[in-house]
Protein chains: 2
Amino acid sequence: MKIVILGAGNVATHLAWAFKEIGHEIVQIYSRTQASAEALAMQLDTDFCTSTAQLRQADMYIYALSDNALESIIHQVNFTSGIHVHTAGSVNINIFEKKSGKYGVFYPLQTFSKEKEVNFSEVPVFVEGNNSEVTETLFELAKNITNKPFIANSDKRIRLHIAAVFACNFTNYFYSIASEILESQSIPFDILQPLILETATKIKTLHPYDAQTGPARRNDTATMQKHLEMIENEDLKKLYANLSLMIAKRYM
Amino acid sequence: MKIVILGAGNVATHLAWAFKEIGHEIVQIYSRTQASAEALAMQLDTDFCTSTAQLRQADMYIYALSDNALESIIHQVNFTSGIHVHTAGSVNINIFEKKSGKYGVFYPLQTFSKEKEVNFSEVPVFVEGNNSEVTETLFELAKNITNKPFIANSDKRIRLHIAAVFACNFTNYFYSIASEILESQSIPFDILQPLILETATKIKTLHPYDAQTGPARRNDTATMQKHLEMIENEDLKKLYANLSLMIAKRYM
């Protein structure tokens, strides 16, 4: 399949590589920012463009763009050829509906950073097409790169995305907070690796409700009080108090 | 070494097994709750008691008790023999100071649930003694069961504990929230496993600051707004808004 990738960020980069590795042809990278388009195109040994007027003919156009940019770019593109899909968790398929033709969604449920390789075969991918033929094509494409292809409508997808924000984005932010607490004491962050890994793996065998431990779970008010007294940052103090209360209430 | 374990909860259970497996003798389990004491003692094929007056002679008394119970139990125990140590992250060593004799702290930095085995050799253990001889003995004992023994004073230990609350307890709570969002849509929670595992492992090679992704990181206000509109629970809505703001501010 000939594929054009619109976008040159984390998702664009990882998807482009995943498709290239199983033999699809990435014919072009589009990005408004020339340096980004050029860098990714060079990696992939392909062409790039910075204007939608220069987009090449392809079987598939993958819009791996920020949600803010997506609508205006879609508006500019001619849909006469190929299937047009976006990769956003929280953008409804009907963003394409003023266009006639074939369109859909190809949403990989994973955290991507350019600097970190990902084993795509384990990444769940949720597809949705504007008709059953498109859905089928997208499902087959997903099956090419992952063992976990799924069909999901836009309503289900946004809920998956919200769940992912809690399970991944907010979680990573807490790793950041923990790293700052340790670094302020000259304790290397990697001391927490076994704990972080165990927390992430124990829920394979225990439901997170049953896996919960810690002062709030035990309603250990003495410990929570000591912690609150030691946390200097007011935002963190409030966050600690609020989350502890939410956890404690759930186990009362 | 002959060891008495005071407590029969998650930490007591895992420590007792770790010591037994490398050849120490668990001579007795104490718990105020007979059923708990008896259950753990049976597992370990040893004795139990429910009154501190019945405690046996041993080389080491390990108080793996809730922080609330710790002080009153210590008060009851006669310190004429052995080394007395607690396992709490946030309790100062000086809780023992009205007692003469040998005492200290043996703090394993891990999340323990009775139902889940843990590879103790990877668990960081932080020890502190009331004199260098006790510290040395505790450090050697830690070295018996883990590749990651450390000496840390009470101030450092409480900060480790606070960091662990963010990196583990609050994180697991977010797994719970995510599971509820998915279960309300009849989506199985294990769809999030690859994401959760990647989030926990990418920070081995990227600092969490650099590993951050998601709507708040990109300041993608449209997506955050959609998510807030879909989250019905008021506490969760506030939590989402608050955390997103904290993340967005950090990357401005």
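Two strands are taken to pair if DSSP finds at least two bridges between them. Helices (H or I, at least four residues) and strands (E, at least two) are DSSP runs, numbered from the N terminus. The model is predicted: local features need pLDDT of at least 70, side-chain atom pairs count only at pLDDT 80 or more, and totals for chains, interfaces and linings use all residues. Residues are numbered from 1 along each chain as its sequence is written, while chains are lettered from A and ligands numbered from 1 in the order in which they are written.

In chain A, strand β1 (residues 2-6) and strand β2 (residues 25-30) pair in the parallel sense, with five bridges between them. Within this pairing, V4(A) has Q28(A) of β2(A) as its bridge partner. A crossover is called right-handed if, with the strands pointing away from the viewer, the path from the first strand over the helix to the second runs clockwise. β2(A) also runs parallel to strand β3 (residues 47-49) of chain A, to which three bridges join it. Here I29(A) lies opposite F48(A) of β3(A). The passage from β2(A) to β3(A) goes through helix α2 (residues 34-44) of chain A, and this β-α-β crossover is right-handed.

In chain B, strand β1 (residues 2-6) has four of its five residues buried, so it is largely enclosed by the rest of the structure. A residue is buried if 20 or more other C-beta atoms lie within 10 Å of its own, exposed if 12 or fewer, and partly exposed in between, with C-beta atoms placed from the backbone. β1(B) pairs in the parallel sense with strand β2 (residues 25-30) of chain B over five bridges, and V4(B) stands opposite Q28(B) in that strand. β1(B) also pairs in the parallel sense with strand β4 (residues 60-63) of chain B, over four bridges. In this second pairing I3(B) is opposite M60(B).

Six residues of domain 1 and five residues of domain 2 of chain A take part in the contact; two residues are in contact if their C-beta atoms, placed from the backbone, lie within 7 Å.

The contact of chain A with chain B takes 80 residues from each chain. Helices of chain A that each supply at least two residues to this side include α3 (67-76), α6 (193-202) and α9 (234-250). The largest share, 24 residues, comes from α5(A). By class, the side of chain A that touches chain B has 43 nonpolar, 22 polar and 15 charged residues. Ala, Val, Leu, Ile, Met, Phe, Trp, Tyr, Cys and Pro count as nonpolar, Asp, Glu, Lys and Arg as charged, and the others, Gly among them, as polar.

Chain A is superposed on chain B by a rotation of 180 degrees with 0.0 Å of shift along its axis (RMSD 0.0 Å). This is the relation of a two-fold axis. Copies are superposed by least squares on the C-alpha atoms of residues with pLDDT of at least 70 in both. In chain A, the C-alpha nearest the axis belongs to T171(A), at 2.6 Å. The same surface serves both copies, as 100% of the contact residues of chain A recur in chain B.
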